[in-house]
Amino acid sequence: MKTTTLTEDMLVHCVTASSFPEGVRQAHETLHALVPNVDRRNYFGLSRRDEKGIILYKAGVTALDKGELDRFQLETICLAKGDYLYIDVPDFMKNRPGIGQAFEQLIADERMAADGFCIEWYLSLGLCRCMVRMK
């Protein structure tokens, strides 16, 4: 497990999955249909448990320019600048269980902030960085 720092807040525009894990693929497909896939964009999966313990999942993307995605009226979540724990999952499409295993390790760490998201940051077609915010 490693640490990284976000030096600036990052606004992520999201489509909420109908359920977890069943609705995750559809949320990402909906998002990609709305927002053109451009190499400079950051794509995410954000998840956390609600007050009933149900996992809420959101597929997210960053805008290239301020206001660019406003017309879609997507929910916007701020990933706060600060320190994050992370585990990289290479070749995640062939190792999807690796994402869950990474988050099991991350959320067990006592340095994790209780109010944050579990963040899947898709850094490339083959690499998923699993992150949680630190206290």
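These legends describe close-up views of a predicted model. Local features need pLDDT of at least 70 and side-chain atom pairs count only at pLDDT 80 or more, while totals for chains, interfaces and linings use all residues. Residues are numbered from 1 along each chain as its sequence is written, and side-chain values use heavy atoms, with hydrogens and water left out.

**View 1. Strand 1 beside strand 6.** Strand 1 and strand 6 (residues 82-90) run antiparallel, joined by five bridges. Threonine 4 has tyrosine 84 as its bridge partner in strand 6.

**View 2. Strand 2 and its partners.** Five of the seven residues in strand 2 (residues 10-16) are buried, meaning under 20% relative accessible area with a 1.4 Å probe, protein chains only. Five bridges pair strand 2 with strand 5 (residues 75-79) in the antiparallel sense. Here methionine 10 stands opposite leucine 79. Strand 4 (residues 55-61) is antiparallel to strand 2, with four bridges. Threonine 16 pairs with lysine 58 of strand 4.

**View 3. Glutamate 120 in strand 7.** Glutamate 120 lies in strand 7 (residues 118-122). Beyond its neighbours within four places in sequence, glutamate 120 is in contact (heavy atoms within 4.5 Å) with residues including Tyr43, Phe103 and Arg129.

Note on methods: Helices (H or I, at least four residues) and strands (E, at least two) are DSSP runs, numbered from the N terminus. Buried means under 20% relative accessible area, exposed over 50%, partly exposed in between (1.4 Å probe, protein chains only). Two strands pair if DSSP finds at least two bridges between them.
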